[in-house]
Amino acid sequence: MKKIGLALGGGGAKGMAHLGILRVLEKEGIPISAIAGTSVGALVGGAYALKPDVEMWITRFLEYFKSIGFKQLGEKSLAKEPSTLLKILDEGLVNIPSLVKSFFNLRRMEGIMGSLIPRVNIEDLQIPFAAISCDILTGKEVVFKKGPLRMAIDASSTVPGIWPALEYEGMFLMDGGTLDNVPVDVVRELGAEKVIAVDVRPNLWQTSAPKNRFETYVRVIDIQQYYLAQPQLDKANLAIRPELTPIPWADFRTAKICIALGEKAARVHLKEIKTLLE
């Protein structure tokens with residue numbers, strides 16, 4: 001039986017689709033031998049590598065998105081108005097000083113990790129795991145295969161301008177999607193013989209124009225990451241792209257929908273996935 005690895009891409013709230021992919025793989029008894037993730041892919045992948053129990057993680061993520069702590073993450077009115085965060089960010093983009101550091105402070109980011117991820121080291125996880133980040137001082141990719149799991153996920157998911165850069169060993173670390181949004185090569189380095197890449201970014205072609213400055217900013221990043229990710233996706237044995245185009249980048253109220261769309265995509269490719277084991 002071939003060792004199957006997962007390369008889980010970044011994409012904000014859309015990344016909850018990774019849980020749907022994992023749910024299908026777990027139900028079908030398909031073992032995962034290695035996981036590499038970027039941004040939200042690092043969060044979901046790191047959680048699953050810690051404890052391979054997708055139903056437990058689905059419950060924990062959904063409970064967290066309903067919690068007071070999440071609503072205090074700059075989205076106090078999220079339950080009533082899902083576009084609140086987008087409005088905050090859109091208005092902030094015209095205020096140049098607000099972009100000097102970030103919209104949210106690192107303490108709040110640490111609060112997310114504390115609510116979901118215990119203090120453990122990557123080398124102690126049940127499944128070999130790596131998180132991808134970028135040092136904005138050197139412009140080089142930084143791959144975390146050992147050390148504190150929380151720190152690695154933080155470093156991989158600090159979206160430029162939204163979260164502050166994470167200072168670590170002389171580096172200023174930001175979202176790994178800057179360089180490697182779907183880390184196929186890295187999961188092979190972890191020992192995977194066959195790689196399933198999951199890309200949760202939207203399709204390149206869109207039928208409607210961005211509605212505000214922040215959506216324009218996200219759209220530009222989507223285009224850049226589409227072309228950056230393509231060489232990695234071409235190296236995967238199987239690339240899965242759930243249909244997530246209508247899902248807003250920052251609306252985690254859509255988590256259940258994203259999970260279902262991830263399941264649907266995995267089911268479509270199930271025969272191909274099982275073939276990879278041979």
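**Walking through the model**

Modeller: The protein chain exposes about 12,700 Å², of which carbon and sulfur atoms supply 55%, with accessible areas taken from the Shrake-Rupley method with a 1.4 Å probe, and for residues only the protein chains shown count as cover. This is a predicted model, in which local features need pLDDT of at least 70 and side-chain atom pairs count only at pLDDT 80 or more, whereas totals for chains, interfaces and linings use all residues. Residues are numbered from 1 along each chain as its sequence is written, and side-chain values use heavy atoms, with hydrogens and water left out.

Colleague: OK, and how many helices and strands are there in the protein chain?

Modeller: The protein chain has 11 helices and eight strands, where helices (H or I, at least four residues) and strands (E, at least two) are DSSP runs, numbered from the N terminus. Of its 278 residues, 54% count as buried, buried being under 20% relative accessible area, exposed over 50% and partly exposed in between (1.4 Å probe, protein chains only).

Colleague: Why is helix H1 described as largely enclosed?

Modeller: Helix H1 (residues 17-27) is largely enclosed by the rest of the structure because nine of its 11 residues are buried, and among them are His-18 and Arg-23. H1 is followed by Gly-29, whose phi is positive, near 70°.

Colleague: Switching to strands, which ones pair with E6?

Modeller: Strand E3 (residues 129-135) pairs with E6 in the antiparallel sense over three bridges, and strand E5 (residues 166-168) also pairs with E6 in the antiparallel sense over three bridges; two strands pair if DSSP finds at least two bridges between them. Within E6, Met-174 is the bridge partner of Cys-134, while Leu-173 is the bridge partner of Leu-166.

Colleague: And what about the hairpin of E5 and E6?

Modeller: That hairpin has two residues between the strands, and Glu-169 takes a positive phi near 50° there. Strand E6 (residues 171-175) has four of its five residues buried, so it is largely enclosed by the rest of the structure.

Colleague: Last one: is Ala-42 buried or exposed?

Modeller: Ala-42, which is found in helix H2 (residues 40-50), counts as buried because its relative accessibility is 0%.

Colleague: What does Ala-42 touch?

Modeller: Not counting residues up to four places away in sequence, Ala-42 touches Gly-37, Phe-129, Ala-131, Ile-153 and Ser-156, contact meaning heavy atoms within 4.5 Å. Ala-42 and Ser-157 are 115 residues apart in sequence, yet 7.5 Å apart in space, C-alpha to C-alpha.
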